[in-house]
Amino acid sequence: MHVIMVNLDWNNLPFGYIKTDHNVRSYFRNGEWSKLEITDSEHINVHIAATALHYGQESFEGLKAYRGRDGKVRLFRWDENAKRMISSAKGVIMEPVPMELFREAVFTAVRLNEKFVPPHGSGASLYIRPLLFGSGAEVGVKPAAEYTFLVFVSPVGPYFKGGVKPVNMMICRDVDRAAPLGTGNIKVGGNYAASLRAIVKARDGGYGNVLFLDAREKKYIDECGPANFFGIKNNTYVTPLSSSILPSITNKSLIAIADKMGIKTERRPIPVEELEEFEETGACGTAAVISPIAKIVDPDTGKIYEYCKDGKPGPVSMKLFNKLIGIQYGDEPDEFGWMTVVEV
Ligand SMILES: *Cc1c(COP(=O)(O)O)cnc(C)c1O
């Protein structure tokens with residue numbers, strides 16, 4: 001198989017935006033979605049009264065395409081992202097993107113930018129960003145009558161250059177990213193805007209990210225910045241159950257892998273004090289798969305929970321990490337049926 005690739009420094013890609021050749025768009029107007037439009041423009045023309053701009057009527061997704069040793073490009077669980085985007089759309093009363101349109105848009109965007117899919121072995125991948133927003137004009141607070149759906153891609157490096165590096169996290173009690181009956185369980189920009197004050201404060205303090213607690217009681221672990229939290233103890237993978245957590249596809253996949261490996265799994269509220277009992281903790285999501293946590297600092301009580309005393313990620317986290325990226329890059333058998341080859 002002859003693979004043509006653009007000339008990029010694949011081994012040193014940042015996790016950031018790099019211009020590719022094309023992106024795709026579809027517009028919902030007069031009750032129907034338009035045919036997919038292919039463009040090389042990096043810009044959109046948005047009405048000044050679009051509901052997305054004023055009232056935050058928008059949602060996004062993030063998934064990746066990986067190049068295997070065989071040169072083929074594979075997508076990881078794209079249908080899960082499609083379903084989640086439907087749930088996000090319903091959560092802020094937007095027109096849901098049909099599964100078939102989502103599929104066509106994502107596969108087309110990858111196919112048209114195939115030469116930007118990083119080579120196998122570089123640790124890099126092609127990040128895919130679907131975006132849906134209210135583009136119809138309204139001044140009063142109500143759902144738009146028109147929607148724009150677009151998909152762009154960008155080659156990204158591994159979140160951690162030079163291997164998986166444990167990070168420090170800061171517990172946060174003075175900011176809530178989402179309320180129990182709010183929008184924490186859907187992927188909408190408003191949650192990110194609400195989390196920025198805490199994230200910037202944590203970063204300024206030298207932390208990798210922030211550990212949010214449940215908004216009602218501040219007793220339980222909620223999200224870990226823009227990722228889900230997990231802890232490992234007694235051969236058990238424990239992850240929080242909460243109505244304000246975004247259902248991570250990575251987390252769900254790690255649970256399935258753990259289960260198959262004979263590691264017990266639990267999804268339940270995790271009291272802050274339980275941090276003391278974990279042997280390993282980590283954050284998980286598409287960008288980094290797993291970010292092991294070295295230390296969790298509670299600035300209000302002065303407590304410090306330490307995990308990777310030798311500076312290395314824990315063995316269970318690494319076992320799960322290696323298995324999942326093995327499946328994604330096609331090095332391990334796709335025993336769960338998660339991968340779809342993009343025919344180019
Ligand atoms: C996207 C996201 C995640 C991770 O979900 P994945 O499907 O694993 O990428 C976790 N938390 C939040 C808040 C998110 O927006």
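**Exercise 1. State how the protein is divided, and how far apart the domain centres lie.**

The protein splits into domain 1 (10–156) and domain 2 (167–328). These bounds come from an automatic or database domain assignment. The model is predicted: local features need pLDDT of at least 70, side-chain atom pairs count only at pLDDT 80 or more, and totals for chains, interfaces and linings use all residues. Residues are numbered from 1 along each chain as its sequence is written, and side-chain values use heavy atoms, leaving out hydrogens and water.

Now the distance. Taken over C-alpha atoms, the centres of domain 1 and domain 2 are 26 Å apart. Next, the contact (heavy atoms within 4.5 Å). Domain 1 gives 19 residues to it and domain 2 gives 16 residues.

**Exercise 2. Find the area buried between domain 1 and domain 2.**

Start with the term: buried area is the accessible area (1.4 Å probe) that two parts lose on being put together, summed over both. Here the value is about 1600 Å². Carbon and sulfur atoms give 61% of that area. Then look at domain 1. F60, F76 and R84 supply 37% of the area that domain 1 buries against domain 2, more than any other three residues.

**Exercise 3. Count the salt bridges across the interface of domain 1 and domain 2.**

Apply the rule: a side-chain nitrogen of Lys or Arg within 4 Å of a carboxyl oxygen of Asp or Glu. The rule finds 1 salt bridge across this interface. Turn to the side chains of K252 and E80. They meet in a salt bridge, at 2.8 Å from N to O.
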